[in-house]
Amino acid sequence: MQAEADTAVRPPRASAHIRIAGLSKSFGDVRALSDIDCSIDEGSFTSIVGPSGCGKSTLLRILAGLLDYAEGEVLLGGQPVRGTRRDIGFVFQSSILLPWRTILDNVMLPAEVLGLDLRAARERAMQLLHMVRLDGFEDKLPRQLSGGMQQRASIARALLHDPKILLMDEPFGALDALTRERMNLELQRIWAESGKTVVLITHSIPEAIFLGDTVFVMTPRPGTIERRIRVDLPRPRSMHAMAEPEFARIADEIRDMFSHTGSFD
Ligand code: ADP
Ligand code: MG
């Protein structure tokens with residue numbers, strides 16, 4: 001299997017790429033995040049689950065430099081995050097492709113925004129479209145593609161400027177269950193092939209476990225990371241991994257935590 005070979009050549013886990021210490025965030029009187037501490041290794045896959053409104057998107061937007069913070073420290077590669085930066089790619093829940101632009105032109109958008117060399121970017125866009133299995137769809141408009149295909153195009157777009165880190169905020173929430181499973185397999189493969197550090201927010205406990213090296217479980221607002229669960233299932237994982245006792249054990253552990261806090265997101 002392709003993914004197997006690629007997983008084998010991925011670089012060994014390096015130093016912590018992302019380090020967050022004592023991070024809190026309030027919006028006026030609303031305390032969204034409280035005392036977040038974590039570190040995320042380079043090249044790892046981290047899933048974050050937590051009840052609605054516990055501050056998951058806030059945390060990801062702070063990491064992306066889209067939102068400022070006053071309390072605590074957020075370091076990417078040892079550098080404090082202040083403002084947006086090029087080593088981040090972001091995928092939102094809806095694919096937010098521009099409807100009047102072709103798939104290729106949508107994937108090329110960051111090149112225009114960031115002023116990259118357009119010829120090189122176009123070559124890279126074609127490679128990325130190949131990686132997300134959209135060869136032949138370059139000249140289609142978004143509405144001519146299924147939801148899963150549109151979301152794959154937005155993953156390609158997020159990777160165009162070759163960011164080290166890919167942040168994803170409930171990227172598959174709008175997809176039907178079967179498409180979602182297929183996208184989980186695709187994302188695992190893309191992660192293995194690209195060697196990126198991925199942080200994924202999801203409402204789906206199985207999705208979090210299936211994809212993650214580690215699952216961070218957050219408390220209700222003000223959100224903090226209540227538990228870090230290591231997922232020691234071998235890779236590449238197939239959907240059959242969900243039948244493993246280890247998988248069920250972790251899913252139970254997370255569900256128990258949510259039942260204690262009264263939230264079932
Ligand atoms: P989640 O993604 O976990 O559902 P969010 O990070 O979107 O949660 O929101 C956490 C809390 O912060 C919520 O109570 C939300 O209403 C509040 N919040 C988020 N963004 C803003 C904002 N820009 N202004 C005011 N309140 C906000
Ligand atoms: Mg959110």
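User: What separates the centres of domain 1 and domain 2, taken over C-alpha atoms?
Analyst: The two centres lie 24 Å from each other. This is a predicted model, so that value, like the others here, is computed from predicted coordinates.

User: Which residues go into each domain?
Analyst: The domain assignment puts 16-87 and 164-261 in domain 1. Domain 2 takes 95-162.

User: And how many residues from each domain take part in the contact?
Analyst: Domain 1 gives 14 residues to the contact, and domain 2 gives 14 residues.

User: Stepping back to the whole chain, how many helices and strands are there?
Analyst: The protein chain has nine helices and ten strands.

User: Why does the radius of gyration agree with a compact globule?
Analyst: Because a compact globule of 265 residues would have a radius of gyration near 18 Å, and the protein chain has 18 Å. Along the principal axes, the C-alpha trace spans about 50 × 45 × 35 Å.

User: What share of the residues is buried?
Analyst: Buried residues account for 52% of the 265 in the chain.

User: What about contacts by sequence separation?
Analyst: Take the contacts between residues at least 6 apart in sequence: 70% of them join residues at least 24 apart.

User: Charges next. How many positive and negative ones, and how far apart are their mean positions?
Analyst: There are 32 positive and 35 negative charges, with mean positions 3 Å apart.

User: Let's go local. Is helix α2 mostly covered or mostly uncovered?
Analyst: Mostly covered. Helix α2 runs over residues 56-63, and six of its eight residues are buried.

User: Which ones are buried?
Analyst: In α2 they are Lys56, Thr58, Leu59, Leu60, Ile62 and Leu63.

User: What does Ser57 touch, not counting residues up to four places away in sequence?
Analyst: Asp169 and Ile201. As for Arg86, 29 residues apart from Ser57 along the chain, the two C-alpha atoms are separated by 19 Å.

User: Which residue just after α2 takes a positive phi?
Analyst: Gly65, with a phi of about 80°.

User: Moving to strand β6, is Val91 buried or exposed?
Analyst: Val91 belongs to β6, residues 88-91. Val91 counts as buried because its relative accessibility is 1%.

User: What is Val91 in contact with, leaving aside neighbours within four places in sequence?
Analyst: The list is Gln151, Ser154, Ile155, Ala158, Leu166, Leu167, Met168, Asp169 and Pro171. Asp169 is also one of the residues that Ser57 touches.

User: How far is the C-alpha of Val91 from that of Glu170?
Analyst: The separation is 8.4 Å, for residues that are 79 apart along the chain.

User: Last one: which helix is Asn106 found in?
Analyst: Asn106 is in helix α3, which covers residues 103-107. With a relative accessibility of 0%, Asn106 counts as buried.

User: What surrounds Asn106 in terms of contact, again leaving aside neighbours within four places in sequence?
Analyst: Asn106 is in contact with Leu97, Leu98, Arg101, Pro142 and Arg157.

Notes: Residues numbered from 1 in each chain as written. Chains lettered and ligands numbered in written order. Predicted model: local features only at pLDDT ≥ 70, side-chain atom pairs only at ≥ 80, totals over all residues. Heavy atoms only, no water. Helix = DSSP H or I, 4+ residues; strand = E, 2+ residues; numbered from the N terminus. Rg over C-alpha atoms; globule rule 2.2 N^0.38 Å. Buried < 20%, exposed > 50% of the residue type's maximum accessible area, 1.4 Å probe, protein only. Contact = heavy atoms within 4.5 Å. Lys, Arg positive; Asp, Glu negative; His and termini not counted. Charge placed at Lys NZ, Arg CZ, Asp CG, Glu CD. Domains from an automatic or database assignment.
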